[in-house]
Amino acid sequence: MPIRTRPTTWRTLATAATAALTATLLTPAAADAAAPRESRPVHSYADAIREAVWVDTGLDEDLDGRTDRVAVDIVRPREAGRAGRKVPVIMDASPYYSCCGRGNESQTKTYDGHGDIVRMPLFYDNYFVPRGYAVVGVDLAGTSRSDGCVDVGGRSDIRSAKAVVDWLNGRATAYSSRTGGERVRADWTDGSTGMIGKSWDGTIANGVAATGVEGLKTIVPVAAISSWYDYYFTQGAPLYDSGPDWLARYVQTPEAREHCTEVARELTDGAPRTGDRTPLWTERDYVRAAKKVRASVFLVHGMQDLNVRMQHVGPWWDAVGKNGVRRKIWLSQTGHVDPFDFRRAEWVRTLHRWFDHELKGIDNGIDREPVADIERAPDEWVTSTAWPPRGTHAVTLRPAHGARDGVGTLGLRPGRGTASFTDDPALDETDWATRIDTPTPEKAGFVTRPLTRDLRLAGSSRVTVTVTPSTPTAHLSAVLVDLGPDTIRDYADAGEGIVTLSERTCWGASTEGDSSCYRETRAKTADVGHTVVSRGWADLGEHAGTGRGEPLVPGKRYTIGLDLAAADHVVPRGHRLALIVAGTDRGLIDPPADTPTLTLDLARTSARVPFAGGAAAFARATSGPPVTAPHTAPDGVRPPAATAHRVPGETR
């Protein structure tokens with residue numbers, strides 16, 4: 001259980017808690033004899049070994065004539081080494097340890113006069129080192145105390161972390177200093193490694209797992225990227241007016257900026273703002289290499305994450321599943337938020353059990369528990385034995401004209417005729433949904449009748465449109481919306497669904513230089529009249545699916561499929577489900593060069609939506625005695641304002 005403290009008194013209480021804990025410690029031998037179903041805090045955190053090594057990556061990305069070394073900070077239990085017991089490793093490889101900080105409180109690494117780690121950001125070392133784990137923090141190449149260059153998910157980034165896994169398993173070389181120094185062996189570990197991290201850190205875990213490196217037993221990617229192309233573009237439509245070259249400059253050291261001009265040029269030239277797929281993006285697509293993954297995957301993501309969007313979840317989850325690896329998933333209502341800050345006690349408990357099972361081989365039953373935890377309402381969670389749940393099938397929904405011009409219907413029968421809209425880059429999904437029952441020129445909207453029973457959508461959807469543009473360029477948005485009042489996490493707020501409080505709780509042992517106590521949070525909620533369930537965007541010039549856009553011929557008809565992000569949402573009885581097709585979604589994609597009017601061919605437009613229970617469930621939910629639609633609030637959560645230079649893992 002956490003220890004509750006006040007902001008100014010954490011040190012006294014943490015010290016008292018540590019003393020109480022020490023008085024009841026089991027010896028390692030007694031713990032082994034008891035065959036516990038969980039690892040126990042039998043090791044001293046205060047006396048843990050803290051050291052730094054530099055692992056040779058075998059690359060010379062900064063072209064200084066010697067191979068690059070990455071800094072590796074280690075905290076490990078001293079007692080295990082004395083007893084000749086080897087320990088597994090929990091590893092977080094990050095570009096943020098000195099430039100930007102980790103976690104909700106933006107912690108950076110701190111060091112003593114000998115250059116050994118004093119504070120490792122986050123709670124992992126405080127909690128897991130006493131339980132017989134080593135915790136390792138790796139500075140990615142080109143950041144903090146490491147050599148080399150940042151290449152934003154490419155071979156330098158991935159090799160930075162993979163080389164450390166290799167060293168932990170006796171296949172790479174480490175030294176006691178950044179230049180020169182003695183060779184250092186990792187003879188204290190059994191080689192079993194789990195990687196964890198949020199956003200860019202979790203992305204590196206995905207990328208290293210996709211190499212198939214031996215010794216990597218599990219990864220826990222939180223709000224992580226699975227394909228860097230899909231971070232910057234979506235089917236050719238640009239998400240931001242910057243590219244990986246800017247992101248590299250944001251995190252790398254001044255030394256790296258000076259010596260990595262060639263890598264910077266490759267990032268600029270290889271990632272054109274046209275949205276074309278290039279070899280640079282292929283190298284950074286971990287989904288393509290998922291067949292190599294051996295590690296189990298515990299994936300965590302916010303379903304309203306508009307930084308690393310849910311488009312990164314469905315393809316990666318499906319790809320590693322096809323490879324037969326063990327999987328677990330948490331899906332929250334938050335934006336880009338760590339589970340430590342939206343479900344803290346359950347997160348620490350579950351992560352503890354996951355690492356115990358995957359790295360220590362403790363049979364605690366977590367592999368036989370439900371695969372998925374889904375936040376259905378703020379702080380209200382449900383589970384599924386599989387995800388998407390068994391019996392989920394894609395259903396083809398058809399848009400059609402309704403009784404009023406400009407207000408369409410959505411059902412199982414094909415529509416006829418056309419519907420037109422004109423791109424308005426000043427408007428967004430909230431504007432469209434708020435005006436769903438009113439004919440407006442910037443959208444085409446289609447709604448079901450009020451549902452007679454709850455309807456669960458789980459998985460990834462795809463909207464296929466046949467559309468005629470009036471200009472040589474056009475961008476498209478497709479949005480699924482739950483129309484009805486609800487209380488949800490306010491993901492558009494600065495906290496992206498949480499409020500940070502002044503009270504602290506402690507998770508593990510503390511020292512003078514590294515507290516295990518963190519500020520508590522609570523859900524930040526909003527009362528809304530509609531909820532966006534899933535989104536997808538595309539450049540119509542990518543209609544051929546070749547990875548290269550082409551100018552459109554005004555007046556010519558084109559067909560394109562828009563891949564909507566994975567979701568898990570229940571549309572309640574009395575609510576309606578809406579499909580909206582429009583142009584630029586302000587703040588979420590950039591507008592095209594022109595301002596097109598687009599005409600939908602309704603007979604050739606459809607949405608494939610995965611429902612639990614399939615077509616029969618949809619038919620039941622849209623039939624039966626009429627249900628009065630509930631009164632709706634005037635609008636929903638407004639998406640965050642456009643951010644030209646969004647950073648994966650940026651602290652609030």
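I am working with a predicted model, where local features need pLDDT of at least 70, side-chain atom pairs count only at pLDDT 80 or more, and totals for chains, interfaces and linings use all residues. Residues are numbered from 1 along each chain as its sequence is written, and side-chain values use heavy atoms, with hydrogens and water left out.

**Whole chain.** I looked up the secondary structure and found 15 helices and 32 strands (DSSP runs: H or I of at least four residues for helices, E of at least two for strands). The radius of gyration is 26 Å, close to the 26 Å from the globule rule for 652 residues, so the chain is as compact as a globular protein of that length (C-alpha atoms; the rule is 2.2 Å times the number of residues to the power 0.38). The C-alpha box along the principal axes is roughly 80 × 55 × 45 Å. I then checked burial: 60% of the 652 residues count as buried (under 20% relative accessible area, 1.4 Å probe, protein chains only).

**Asn-206.** I found Asn-206 in helix α6, residues 200-209. Asn-206 is buried, at 2% relative accessible area. Next I listed its contacts (heavy atoms within 4.5 Å). Beyond four places in sequence, they include Ile-219, Pro-221, Tyr-286 and Trp-316. With Trp-316 there is a side-chain to side-chain polar contact at 3.2 Å (N or O atoms within 3.5 Å, one able to donate a hydrogen and the other to accept it; sequence-adjacent residues count only if both atoms are side-chain atoms). Last, I took the C-alpha distance from Asn-206 to Asp-363: 25 Å, across 157 residues of sequence.

Note on methods. Buried means under 20% relative accessible area, exposed over 50%, partly exposed in between (1.4 Å probe, protein chains only).
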